[in-house]
Every structure is written in structure tokens, then in C-alpha cells.
Number of protein chains: 2
Amino acid sequence: MAGDDSTRFRLTVVGEALRLFSEKGYEATTVDDIARAAGISRRTFFRQFRAKEDVVFADHEILLARAADFLAGSHDDPWDAVCDAAVLVYDGFTQWRDVARSRYDVVREVAALRDREIVTIFRYERLFADYLRSAMPDAPDLAVVQFAASVTATHNFLLRRMLRDGVRITSSDVRSALADVSRGAAEPESDDDVIVAVFPRGTAPRRVAQLLQQKLERS
Amino acid sequence: MAGDDSTRFRLTVVGEALRLFSEKGYEATTVDDIARAAGISRRTFFRQFRAKEDVVFADHEILLARAADFLAGSHDDPWDAVCDAAVLVYDGFTQWRDVARSRYDVVREVAALRDREIVTIFRYERLFADYLRSAMPDAPDLAVVQFAASVTATHNFLLRRMLRDGVRITSSDVRSALADVSRGAAEPESDDDVIVAVFPRGTAPRRVAQLLQQKLERS
């Protein structure tokens, strides 16, 4: 419950800060303005956030911690676990969609915040890659980095469509988009797997055989 | 030739700056120190670079411009063109491997530079995604963002292994790693493609049929 209270408290401050940034502009809003709007002291603000910039992404910290906690549990399939973690993050943003949407507007206007957002998003990618490496020490590195990057980019793309374009995208849409992310680069490493090719329906059987042979010879 | 001269000039300044950062530390090195070492005036420095931080990544600007120029040309297969652009960037770094390696050491020590590097790398991902969208307006968005993210992550992973671990990784290694990046999410959108699934060699034929059916029904 302490965790929930802290989350609620931080989200309140984030919400007030983003409202002020939208109204007055990011530069013109001071920490005192934010503290006043959130009904806290300047000191309490600085106990929770290092700087004005930090408050903009404070809910990312909450979700990064949730994703890390989730991944630290036990999972049958680490690839699936990463997809589940990404859905959990998506669900978090939908819980406070208004906050996420006002951030989208504020961040778009301030170059320093755009950069900070890119860095923040990269932390999910690194969390996913680090988890996969520790859960599957024998997994091919390239498969891990490609998967972590694709899952993060997919999540981010769908989140942005939901926030910016108001498209209704449910958890289950996100889950099914993530299920399509290739874990494929992992397979050619194992002798026990068959290689996959995708080709146009109209392809001549001989050409199919040729392409398959090429692919098999390469791996 | 003017372009080449400018590249050489900028690389000289970058090289001197990185050497000083390694020797004296990033914070302790001033723009005057860099200008003196590179044999240029402070004014010339500021005509080329906005700030000390910019000089660290100036060769990325060169390579981003090269990649953008390359992609602006005509290409049979846009997916292949992105892989070619990534190889071209890799080749650039191998041309000035010492610069890239000293940057690796300097960036590791300075949090602000690490963030700046993440933001810089993201510009390749955005360049690739933007190009794919313009070259193939009908390509599924998810396929585009996943591919751009995977290609960038793959390039970056191999570059880091080459720089940090001294592993010999040739252009052709990079090319073949990139050839394995899935363009797969694109295919299920087209009625004209056949889906092929990967399964362990030992799988019972009935199970194979079942899995294929599931996959086909989903797409």
C-alpha cells in the first residue's frame, strides 16, 4: 500500500506539473508553481524529484520499476515474459492516459524533453535485453538485442498512436502485435530447427526450392 | 572534394578533442584546449561546432548525412537499401576506428554524453523509418518501426563489440547479420504471401499441420 500511495502522490505531482507546462509553457513554470499546485512544499518536491525535468517522466520511473519487478519473477518463456512486461507498461499508461497525453503535447514543444524521452525509452530496451541475457545466457546476442529493440519500438509506436491519434488500442492489440515480433534470429543457431522462408504465392516451385536451399546453405 | 576536406577537417578536430578528453577528462578540457590542439581559432571551432558536447559526435553528423544521401538515391528494395545504409555507416566508423574507440572510452565516463549518444543513435532509427515510410507508403507501420529498430540495434551492437571487445567484424559480417533481421511482420498483411513457420525437426507431422493452421488463421 505504501507503494500505491507513493505512486498516487507522484502521479498527482506529475499531473499538476504537466497541466502547468501546457498552460504556461515548460520554461515559464517554476518548481514553486508546481509545488503550490500540488499542495506540497518545495522541500517535499525536491525529496521526490531531482529537478523540474524529472517530474515530466516520473511515471516512467514507476513503470520501469514495475517491469523490472515483474521480470525478476519466474517465467516459463523469457521472450513471452518481455512481451508481458511491455503490455504491463502499456496498461500503466492507459491507467493515467490523461497524464501521458499531456506529456505528449509538452514534450513535442521542448527539444530537451524530447531527448530525455528518447533516453528514458531506451531504458526499457536495456531492461529487456539485460533480462533476456540473464534468463537465457545461451541465447544469441543478436536475437536478444533485435528482440528488445523491436518490442520497445512496437510498444512505443502503439502508445504514440493511442495518445496522439486517439486510436483505440487495447492491451490485447498490443499483445498480439508483440507476438509477431521475430525471435527468429535465435533459430538458425540451433541444429535442431528448420529454417523458414516467406515467398509470394505465385513463386514457381523451382524458385521456392532454390530460395530455401540458399537460405539453408547460409545458416 | 570540398565535402571530403570538410570531413577530414572535422575528423581532425574530433580526434584531438577525444584525445584531450581521454587525457585530461571531459570536464577539465576547454574549447580553447581543443582549438589549440587542432591548430584552429576559437572562432573557427564555433563556426563548426555549437558546443564542446557537439564535437564528441561530429562524425555521427557526417555519417547520418551520408546515410540520408544514400537513401535519397534510387533503390530496388527499400529494406535492402536500409541495410546498405547501415553497412555504409559501419564502414565509416571502421575508417576512423581510433576516433570511435576513444569516444567509446570517453562516453562511458560521462553520463551526459551517454544520453547524448542514445539520442544520436535514435536519429539513425528515425532516418531509416522515415525513409521506409516514404519509399513504401503501403508497408505496414509496425513492420517499418520494428525493422528500423532492429537494424539500428544490430548495427550498434556489432559496432560496440568491434570497438569495446576488439572483435574483428567486417562489413560483410554486418551485412549478413542485417540480412537476418525480420521483415516478417510485413508479410501477413499481403494476401499474396505464404506464411512459413519454424518448428523443431522432431515435431510430429500432425503438430506441424496444426501449428501452420494456427499461424495462417491468425494472419
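Across all chains of this predicted model, a search of the whole structure finds 36 salt bridges. Side chains of opposite charge can pair when their charged atoms come close, and a few of these pairs can be followed one at a time.

In chain A, K24(A) and D33(A) form a salt bridge in which the closest N and O atoms are 2.9 Å apart.

Another salt bridge of chain A joins R183(A) and D77(A), with 3.8 Å from N to O. R183(A) lies in the loop between α10 (171-179) and β1 (199-200), while D77(A) lies in the loop between α5 (58-72) and α6 (78-95), so this pair ties together parts of chain A that are 106 residues apart in sequence. R183(A) counts as partly exposed at 21% relative accessibility, and D77(A) counts as partly exposed at 25%.

In chain B, the salt bridge between E23(B) and R19(B) has its closest N and O atoms 3.1 Å apart. Both residues belong to helix α1 (residues 2-24) of chain B, where they are 4 residues apart, about one turn of the helix. E23(B) counts as exposed at 55% relative accessibility, because exposed means over 50%, whereas R19(B), with a relative accessible area of 35%, is partly exposed.

Salt bridges can also share partners, and in this way R50(A), E53(A), D54(A) and R116(A) are joined into one network.

How values were computed. Residues are numbered from 1 along each chain as its sequence is written. Chains are lettered from A and ligands numbered from 1 in the order in which they are written. This is a predicted model: local features need pLDDT of at least 70, side-chain atom pairs count only at pLDDT 80 or more; totals for chains, interfaces and linings use all residues. Side-chain values use heavy atoms; hydrogens and water are left out. A salt bridge is a side-chain nitrogen of Lys or Arg within 4 Å of a carboxyl oxygen of Asp or Glu. Helices (H or I, at least four residues) and strands (E, at least two) are DSSP runs, numbered from the N terminus. Buried means under 20% relative accessible area, exposed over 50%, partly exposed in between (1.4 Å probe, protein chains only).
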